[in-house]
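Biologist: Please take one part of this model and go through it closely. Then show me what else is worth a look around it.

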Amino acid sequence: MLEIMKQRAKELLESGRVVRVLGWQRGDFPNLREPVFFTTAKQLDNLEYDRFCAANLSKYLIGTDVPTLAFLKPCDTYSLNQLVKERQINRQMTYIIGIGCEGSAKLTDMEENGTLERCLVCTKTVHAAFDELIGEDAAPREKNDRFAGVGEIEAMEIAARYTFWQDHLARCIRCNACRNICPVCHCKKCVFDNTKYDTAQRANASAFEEQMFHIIRAYHVAGRCTDCGECNRACPQAIPLHLLNRKLISDINHMFGEYQAGTDTETPGPLTNFDIEMDKEVGL
Amino acid sequence: MHSNHTKNELLAISGADIDRCMKCGRCSASCPSHQAMDIRPHQFVSYAADGRVDALLECNSLWQCLSCFACIQRCPRDVKPAQLIEAARLMVIRQQGENYIDPDEIPGLLNNDVPQQLLVSAFRKYRK
Amino acid sequence: MEKIGVFVCHCGSNIKGNVDTAAVVEQISHVDGVAMAVEYPYMCAEAGQAMIRNAITEHGLTGVVVAACSPRMHEATFRKAAERAGLNSYMVEIANIREQCSWVHRDTVSATKKAVALARAAVAKVHRNTPLHPGESSVTKRALVVGGGIAGIQAALDIAEAGFEVTIVETTPSIGGKMAQLDKTFPTLDCSACILTPKMVDAAGHDNIAIHTYSEIEKVEGFVGNFTVSIRKKARSVDMDKCTGCGDCWAKCPVKRVPSEFDSGLCNRTAIYTPFAQAVPNVPVIDRTNCVKFKTGRCGLCRTVCQPGAIDFDQQDEIITENFGAVVLATGYDTISLDKFGEYAYHDSPDVLTALEFERMTNAAGPTDGRIVRMSDGHKPKSITFIQCVGSRDITNRGKTYCSKICCMYTAKQAILIKDKYPDVDVQVFYIDVRTPGKNFDEFYRRAAEEYGVKYIKGQVGKVVNVGDTLHIQAVDMLEGRHMDIQTDMIILATAIQPSATAKTTAGMFSSSVDQNHFMTEAHPKLRPVESHTAGVFLAGCGQGPKDIPETVAQASAAAAKVIGLLVKDKLMTNPCTAATDEDLCNNCGLCGNVCPYGAITYESKLTASVNNALCQGCGACVVTCPSGAMDLHGFTNRQLMAEVDAICK
Amino acid sequence: MQITDFNPNIVAFCCNWCSYAGADLAGTSRLQYPVQVRIIKVPCSCRVDPLFILRAFQRGADGVAVCGCHPGDCHYATGNYYTRRRMALLHNMLDFMGIERDRMLLQWVSAAEGAKFAKTMTDFVENIHMLGKNTRLADWRVVNAGNNETES
């Protein structure tokens with residue numbers, strides 16, 4: 001499959017249809033493939049595609065103003081759609097080759113069964129956008145209750161919930177990896193970096209700053225988050241950030257109707273929309 | 001006797017808000033037992049507002065009210081006269097409890113002329 | 001360095017009675033940036049305003065905080081004062097220490113503490129304020145009047161007389177409203193139709209007035225000075241231009257048993273009909289739900305007999321869109337349904353009437369030619385009983401909590417009219433209270449009792465039973481403490497009135513609010529009684545609250561005066577508190593445009609969002625939607641509100 | 001009678017057109033409600049950013065209320081529909097993170113509902129009294145620094 005990908009990429013590059021190719025190459029660690037733009041056929045020999053290519057490439061397409069070929073796994077295409085909807089990616093400038101995916105490996109795990117949690121509960125196994133497909137889309141996962149973790153926390157006593165998040169968030173070092181890797185965190189300047197709110201990043205002296213940051217981080221992507229799981233994968237402190245996102249997704253599904261961000265490039269998101277009849281049920 | 005204590009008790013038991021009454025009389029006009037009543041529903045509300053609860057506890061109307069709730073249904077102010085009447089009845093019944101013998105009194109009452117059974121029954125009645 | 005002046009008002013004893021104003025001055029004067037703080041008995045008085053003006057010049061103030069009544073009262077006053085002294089009016093903030101402090105808290109110590117906190121929050125906000133300058137918008141010099149009753153007609157005539165074009169939109173086939181149905185008017189007993197119909201004709205013939213009857217408001221866009229309104233002209237099935245109003249069509253119509261709305265159902269009308277003889281316009285409509293042609297496809301008699309060929313079965317609803325600068329909402333009232341009041345036997349006996357039905361009966365042009373008869377047998381009644389407050393002043397879910405206001409007077413009027421025609425008829429009125437404030441009103445009511453011998457009984461009716469051909473009433477006379485079991489031939493119910501069914505939706509379309517009873521809310525209950533909360537939208541008549549004809553006419557003329565005052569302006573100052581994008585931060589993601597109710601946000605530049613200041617009304621929905629803080633709202637910026645939060649939490 | 005010396009700090013965001021006017025009406029009607037309630041005026045409830053609410057908690061607020069026009073009555077036609085969705089999500093989110101639900105309140109108060117405003121605030125403050133001081137979201141550096149400032 002990798003050979004077909006290389007061949008198609010070279011053809012498109014040589015034909016002038018695209019001027020660069022977005023894919024992965026070997027990284028600094030054996031279990032890490034890093035995103036890269038290839039501009040020559042020769043460079044394309046280094047293209048890699050295996051279960052260590054977890055990185056979601058969509059965000060690298062933001063602002064693309066030259067014809068670019070990108071290899072996107074099924075879940076990545078939801079981010080692509082969301083970014084097209086938010087006018088961050090000019091779809092005309094992209095050529096998307098959808099590639100089959102059977103789940104990515106954990107960054108820290110070389111074992112055969114070390115699959116990312118997001119892949120074990122994946123619901124986005126079919127490409128939402130592509131110009132051509134290579135390889136087979138995997139069948140939907142058997143175990144795909146991605147909200148189980150949310151449910152476990154919801155079932156806790158309130159004090160336990162508080163402790164749970166205190167313990168996790170206290171580890172936050174405000175490295176901003178979660179924010180920087182998130183495809184829909186594409187603000188020119190984050191509210192936590194600009195002076196508009198008097199909320200610019202502070203010294204890590206109080207746990208509250210972390211709570212505030214993480215609540216707002218999750219809240220700002222509410223209704224836009226495709227549940228790609230990159231924030232969780234990128235966090236060096238292993239904070240289960242995806243649970244905050246999924247809590248919001250689960251609430252949105254329950255209160256405002258099933259919604260999967262990135263399914264298309266038109267439907268307004270649940271927080272920039274309302275349904276007068278349905279919302280009557282929304283209580284506090 | 002004007003007593004805030006009994007008035008408050010009456011209001012607490014009934015849950016009626018008598019300050020809302022605007023004295024239209026629709027309760028009494030709706031009452032099917034009005035002829036037999038010495039204090040009619042609208043007067044009942046006025047008596048209660050005035051704190052003249054003792055008069056209410058003694059009046060005949062208590063036992064003439066059919067609890068048909070027409071007064072409650074038609075009252076434009078949601079005053080609930082029938083619940084006031086029901087509350088007064090309850091107060092009467094509870095007072096009756098006080099007429100019965102307290103356990104501490106029994107030793108003093110014991111004498112050979114009084115059948116013991118009488119004491120026992122007086123003690124037991126309304127105690128359970 | 002900021003130099004902020006704080007002015008603490010006593011409002012006589014309204015504030016000072018509960019807040020230690022001297023302590024407020026003392027404590028606020030130590031807050032960073034506060035250059036001076038003073039107190040004064042009445043800041044809104046000329047002397048108080050002069051204090052502000054002088055302080056601005058003397059101390060070179062850069063901002064002003066007035067701790068006084070609600071900004072809804074005097075914010076404009078103090079802003080003007082600052083402007084006169086050369087300080088931008090948006091550098092003034094109000095700390096509301098009357099409505100939201102001294103009036104709602106009894107304990108002076110804690111109220112004073114709160115007053116200080118509120119003043120501190122206002123100071124914190126002023127620190128972040130920037131001078132703002134209102135823009136200008138144009139004014140479409142035309143007015144819309146919704147509702148063609150006496151309120152709408154009066155408002156339209158006044159506006160038209162001032163030289164502006166007016167469009168009246170009325171849902172029924174004719175203008176005239178409820179007043180057209182009435183017989184006589186209290187307390188003068190002049191004939192309702194005689195004083196109304198000339199006004200209807202005036203309105204119809206006025207060069208500046210366009211009337212759309214059988215029409216509804218479909219959609220509203222825009223804002224003060226620039227409303228764009230779509231009006232649905234329901235298919236009349238009769239060509240307005242061809243019809244001569246001859247009446248041949250309804251004379252021939254075979255459907256003759258539709259209850260007449262105008263005659264309150266006391267008699268029937270045809271399927272093609274004009275509601276009443278003096279209808280304006282005098283053009284019939286076809287009631288399609290009852291017309292045989294529309295139900296079965298056969299008939300078409302009216303088209304056959306219509307010589308001008310005006311009947312058009314294929315007519316469709318037409319939507320017309322017009323621009324207006326100002327709007328008067330005069331949607332009127334209806335009587336409540338009596339379904340929940342079974343005890344009055346309204347549905348059991350044709351001899352139990354509502355007062356509005358009785359108006360038609362006693363009207364010489366009505367179904368009985370003005371004869372007062374029992375609908376059951378056509379006989380003249382020997383006794384007539386009025387029951388007051390049917391559904392009014394009722395806090396249960398059966399009725400309305402408010403007093404309908406007009407019933408006491410029209411009952412006296414109707415009682416007098418009966419006695420005038422038939423002095424031998426016994427007339428009695430069951431009342432809770434008789435309320436007759438108004439010029440010559442109480443005299444009128446007393447005449448009914450004293451001159452005409454109408455029996456007023458303080459008490460209420462509990463039950464009415466229809467037995468054979470008489471009505472048995474069970475009632476109570478509260479003054480005598482007497483129970484009454486009496487018989488009567490006819491009962492007239494003073495049914496509560498409520499805003500017409502369209503009031504809430506119509507108000508909603510104009511972003512104007514209604515209260516818990518669905519009456520339209522005025523901007524201020526005392527000082528702005530004819531204005532709605534929406535600029536450029538004014539209120540008149542019973543849609544705003546129960547009122548009689550003179551009050552309705554007065555309010556309509558007042559609303560018209562407000563409209564004229566608005567339409568004579570060539571430009572309106574626009575609210576400078578609008579949203580704006582920080583181009584350095586905006587990445588053009590388009591979320592803000594999704595939530596803007598005014599379509600004020602566009603992305604034409606391809607790089608950032610841009611806000612049309614004339615369209616933006618300053619709600620702030622876009623600001624909160626923007627994740628990066630690129631969008632902000634002048635006058636309520638993120639930093640201003642954050643500063644307020646910080647100060648208030650201290 | 002309050003036995004504890006806990007004096008809660010309540011911030012109420014009120015929309016200019018309905019709830020702020022409703023609060024004013026409570027004033028003109030002299031309806032009493034707890035003095036701890038302090039109102040911040042916003043043009044529309046949809047102007048209330050979740051950040052403001054978190055900031056209030058951070059700065060030591062024990063309860064935050066957001067009041068707006070009734071759904072369908074928004075002066076800006078649709079503002080409170082967004083508020084409703086936003087606040088419902090934020091409310092659940094805080095609950096999910098172990099913050100007591102009753103510390104936050106969204107209530108519709110029209111300009112005619114002075115009594116409702118007073119009652120809403122009275123009940124709200126009563127609930128906050130039962131919950132006690134906000135310890136979970138407050139940043140004690142800031143809160144303590146604030147206290148020192150006022151004392152000095």
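Modeller: Chain B has 8 helices and 0 strands. Both are DSSP runs, numbered from the N terminus: helices are H or I with at least four residues, strands are E with at least two. From the N terminus on, the order in chain B reads α-α-α-α-α-α-α-α. This is a predicted model: local features need pLDDT of at least 70, side-chain atom pairs count only at pLDDT 80 or more, and totals for chains, interfaces and linings use all residues. Residues are numbered from 1 along each chain as its sequence is written, while chains are lettered from A and ligands numbered from 1 in the order in which they are written.

How confident is the predictor in chain B? The mean pLDDT of chain B is 84, and 86% of its residues score at least 70. (pLDDT is the predictor's confidence in each residue, from 0 to 100.) Helix H2 of chain B, residues 26-30, has the highest confidence in the chain, at 94. Helix H8 of chain B, residues 116-124, has the lowest, with a mean of 66. Where pLDDT is low, the predicted coordinates should not be read in detail.

Chain B has 128 residues, and 33% of them count as buried. A residue is buried if 20 or more other C-beta atoms, placed from the backbone, lie within 10 Å of its own; it is exposed at 12 or fewer and partly exposed in between. Take the contacts in chain B with a separation of 6 or more: 64% of them join residues 24 or more positions apart. Contact means that two C-beta atoms, placed from the backbone, lie within 7 Å.

One residue of chain B stands out by its backbone. Phe69(B) has a positive phi, near 65 degrees, and is not a glycine. Most residues other than glycine have a negative phi, and most peptide bonds are trans. Phe69(B) sits in the loop between helix H4 (53-58) and helix H5 (70-74) of chain B. It counts as partly exposed because it has 16 C-beta neighbours inside 10 Å.

Leu189(C) has 13 C-beta neighbours inside 10 Å, so it counts as partly exposed. Pro187(C) lies in the loop between strand E8 (184-185) and strand E9 (190-191) of chain C. The peptide bond from Phe186(C) to Pro187(C) is cis, with omega near -5 degrees. Another cis bond joins Val280(C) and Pro281(C), with omega about 0 degrees.

Now the strands of chain C. Strand E6 of chain C, residues 142-146, has 4 of its 5 residues buried. E6(C) runs parallel to strand E7 (residues 165-169) of chain C, over 5 bridges. (Strands pair if DSSP finds at least two bridges between them.) Ala143(C) has Val166(C) as its bridge partner in E7(C). The path from E6(C) to E7(C) goes through helix H7 (residues 150-161) of chain C, and this β-α-β crossover is right-handed. That means a clockwise path from the first strand over the helix to the second, with the strands pointing away from the viewer. E6(C) is also joined to strand E18 (residues 326-329) of chain C, in parallel, by 4 bridges. There, Ala143(C) stands opposite Ala326(C).

Thr62(C) lies in the loop between helix H3 (46-59) and strand E3 (63-68) of chain C. Why does Thr62(C) count as buried? Because 20 other C-beta atoms lie within 10 Å. Leaving out residues up to four places away in sequence, Thr62(C) touches Glu2(C), Lys3(C), Ile4(C) and Met91(C). Glu2(C) is 60 residues from Thr62(C) in sequence, yet their C-alpha atoms are 6.0 Å apart.

Finally, how do chains meet? Chain D puts 45 residues in contact with 43 residues of chain C. H1(D) gives the largest share of chain D's side, 6 residues. That side of chain D has 24 nonpolar, 12 polar and 9 charged residues. (Nonpolar means Ala, Val, Leu, Ile, Met, Phe, Trp, Tyr, Cys and Pro; charged means Asp, Glu, Lys and Arg; the others, Gly among them, are polar.) Between chains C and A, 16 residues of chain C are in contact with 16 of chain A. Here the side of chain C has 6 nonpolar, 8 polar and 2 charged residues.
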